[in-house]
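Here are some notes to keep beside you as you look around this structure.

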Amino acid sequence: MKRALVAAVVLSYLFSLVAGSAQETERNTAIISADQGKLTISKHIYGHFAEHLGHCIYGGIWVGENSPIPNVRGIRKDVVAALRQIQIPNLRWPGGCFADTYHWMDGIGPHDKRPSIVNTNWGGVTEDNRFGTHEFMDLCEQIEAEPYITGNVGSGTVREMEQWVEYLTHDGKSPMADLRRANGREKPWRISYWGLGNEAWGCGGRMRSEYYADVLRRFQTYLYNFGGNRLFKIACGASDDNYAWTEVLMRETAPMIHGLSLHYYTVDWANKGSATNFTEKEWFKVLKKTLFMNELVERHSTVMDKYDPKKRVSLIVDEWGTWYDVEPGTNPGFLFQQNTLRDALVAGINLNIFNNHCERVRMTNIAQTINVLQAVILTKDDQMVLTPTYHVYEMYKVHQDALLLPVDLKSAEYSFEKDRIPALSLSASKDKAGKIHVTLCNLDPQRANTVMIDLRGAKPSRVSGRILTAGAMNAHNTFEKPDLVKPADFSGAQLSGSGFEVRLPAKSIVTLELE
Ligand code: AHR
């Protein structure tokens with residue numbers, strides 16, 4: 001009898017602990033250690049990707065010098081201004097799958113002398129190579145982004161890739177430097193980021209990891225650092241949770257590379273669904289799939305740690321984003337999709353994950369910049385629309401090259417039917433001027449969430465903020481209504497004793513600034 005009583009007391013104590021912690025979680029709490037920042041959030045986490053696919057390059061970026069659409073040397077002025085506004089740090093080009101069919105010499109010299117090819121991956125359309133190396137480097141200079149070029153390993157040669165690097169970067173007299181000069185560019189360019197193929201396990205050659213590792217070792221041998229140029233060599237990494245690929249690449253090539261990539265799309269390949277016409281079930285499914293990025297980054301990093309404990313090799317998530325059915329009536333090979341508040345949440349969550357893993361994740365590239373997949377900009381003739389995802393990049397740019405602040409978040413759950421995920425996502429940083437920025441997402445489309453934040457090691461006297469939200473889960477901007485979803489001032493945060501309290505409306509993204 002006594003034993004039963006003791007057991008009951010113990011059980012009730014344990015239950016109270018569980019219930020207590022559940023209540024605690026319900027309250028949403030976070031500790032931000034403002035004086036414990038040690039790692040820098042590389043600005044390159046905020047990188048982009050532009051492929052010769054659909055209307056990303058042609059129409060989206062390049063309209064040609066004779067176009068009535070305002071342009072500088074053929075590149076759209078409105079798009080350049082918009083991209084400068086979000087401070088794109090780097091741009092990956094020319095693919096994607098296109099990269100392993102691209103022969104760079106087709107894209108230099110007078111436009112009317114350039115040969116055409118078939119874009120076999122994307123719609124079978126004619127690619128006339130009007131946009132090539134010089135045009136891409138001009139674009140990068142106009143938007144002040146660093147180029148990230150993906151070389152052709154799948155169908156190209158070692159010599160061809162060596163010559164491309166020589167053409168771009170050789171500062172003395174050499175066959176390729178002379179060719180560059182003949183094409184109007186005297187000075188060499190500077191380029192660091194160099195990809196050795198794309199998706200070598202798939203459209204980049206269907207290679208096995210061991211075979212690709214050997215091919216990579218050979219190609220990279222002939223990528224020279226001419227003059228003062230220093231290449232940052234990026235190997236094709238895994239898709240999704242293929243940790244075995246990461247294991248082999250790290251084991252066989254780690255000393256020869258600076259970065260290893262990872263591709264992960266938020267997609268259900270069997271049923272991609274509509275970008276705009278969806279229910280809460282699909283909202284939940286997409287956000288849950290997005291959160292999986294956290295596990296992917298951690299588990300690939302663990303494999304990398306085994307071969308590179310000092311974390312010299314960066315994990316480069318150079319393709320990520322949502323992938324839905326194309327918009328009705330558009331070319332299925334062009335991957336054109338609308339972009340709603342749901343996509344903004346996907347971007348906000350992913351960028352918080354990348355910030356919080358900046359120790360290993362030092363570059364990422366959303367797919368893709370314009371008119372393709374999770375685009376930040378949509379264009380139609382001379383019109384341009386900034387998507388909700390664009391606004392997230394604008395709101396998060398304060399994290400670029402700032403000091404990551406450690407965060408301990410206890411989030412309530414957002415449950416749907418029998419499933420549940422954390423309701424909140426958060427990252428924090430301190431910039432060079434000492435300002436603290438906190439980006440928060442409330443994934444729950446029905447309920448507001450209040451979070452109490454204990455800010456340790458700082459005593460700000462002012463908090464201000466901006467919010468991105470809308471009435472409907474599928475709210476989006478169109479050419480007719482381009483400003484339906486855009487950031488607004490936010491007054492839902494108040495300083496309190498040891499930190500601050502924020503009330504996040506349902507389905508919202510907030511950036512706070514504390515001074
Ligand atoms: O971004 C679209 C395509 O997705 C890329 O070309 C390829 O690398 C990936 O499979």
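Helices (H or I, at least four residues) and strands (E, at least two) are DSSP runs here, numbered from the N terminus. Residues are numbered from 1 along each chain as its sequence is written, and side-chain values use heavy atoms, with hydrogens and water left out. Please keep in mind that this is a predicted model: local features need pLDDT of at least 70, side-chain atom pairs count only at pLDDT 80 or more, and totals for chains, interfaces and linings use all residues.

1. **The ligand's surroundings.** Which residues surround the ligand? They are Phe49, Glu51, Gly96, Cys97, Trp122, Asn198, Glu199, Tyr265, Glu319, Trp323, Gln368 and Leu373, where a residue counts as near if one of its heavy atoms lies within 4 Å of the molecule. By class, this shell holds six nonpolar, three polar and three charged residues. In that scheme Ala, Val, Leu, Ile, Met, Phe, Trp, Tyr, Cys and Pro are nonpolar, Asp, Glu, Lys and Arg are charged, and the others, Gly among them, are polar.

2. Asn198 places a polar side-chain atom 3.0 Å from an oxygen atom of the ligand. For Tyr265, an N or O atom of the side chain is 2.7 Å from a ligand oxygen, and Glu319 has a polar side-chain atom 2.7 Å from an oxygen atom of the ligand. Taken alone, the ligand exposes 290 Å², and the protein buries 93% of that; these areas come from the Shrake-Rupley method with a 1.4 Å probe, and for residues only the protein chains shown count as cover.

3. **Aromatic pairs.** How many aromatic pairs does a search of the whole structure find? It finds 21, counting rings of Phe, Tyr and Trp (its six-membered ring) whose centres lie within 6.5 Å; planes under 30 degrees apart are stacked, over 60 edge-to-face, and the rest tilted. Tyr224 and Phe226 make an edge-to-face pair, 5.9 Å centre to centre with 65° between the planes. Tyr224 is partly exposed at 35% relative accessible area, while Phe226 is buried at 15% (buried means under 20%, exposed over 50%, partly exposed in between, with a 1.4 Å probe and protein chains only).

4. **A pair in the ligand shell.** Tyr265 and Trp323, both among the residues around the ligand, also pair edge-to-face, at 4.9 Å centre to centre and 80° between the planes. This pair links distant parts of the chain, 58 residues apart: Tyr265 is in strand 11 (residues 259-266), and Trp323 is in the loop between strand 12 (314-322) and helix 9 (341-356). Tyr265 is buried, with a relative accessible area of 8%, and so is Trp323, with 13%.

5. **A ring cluster and two charges over rings.** Trp62, Trp93, Phe98, Tyr102, Trp104, Phe131, Phe136, Trp164, Tyr167 and Trp194 are linked by ring pairs into a cluster. Elsewhere, Arg92 lies over the face of Phe49, 4.6 Å from the ring centre. The charged end of Arg342 is over the ring of Phe278, 3.6 Å from its centre. Here a charge sits over a ring if NZ of Lys or CZ of Arg is within 6 Å of the ring centre and within 35 degrees of the ring normal.

6. **Backbone points to check.** Most residues other than glycine have a negative phi, and most peptide bonds are trans. The bond from Trp93 to Pro94 is cis, with omega near 5°, and Pro94 lies in the loop between strand 5 (90-93) and strand 6 (117-119). Another cis bond joins Ala367 and Gln368, with omega about -10°; Gln368 is in the loop between strand 13 (361-367) and strand 14 (377-380). Gln87 has a positive phi, near 55°, and is partly exposed at 41% relative accessibility. Asp401 also has a positive phi, near 60°, in the loop between helix 10 (388-396) and strand 16 (403-404).

Conventions. A polar contact is a pair of N or O atoms within 3.5 Å; within protein, one must be able to donate a hydrogen and the other to accept it, and residues adjacent in sequence count only if both atoms are side-chain atoms.
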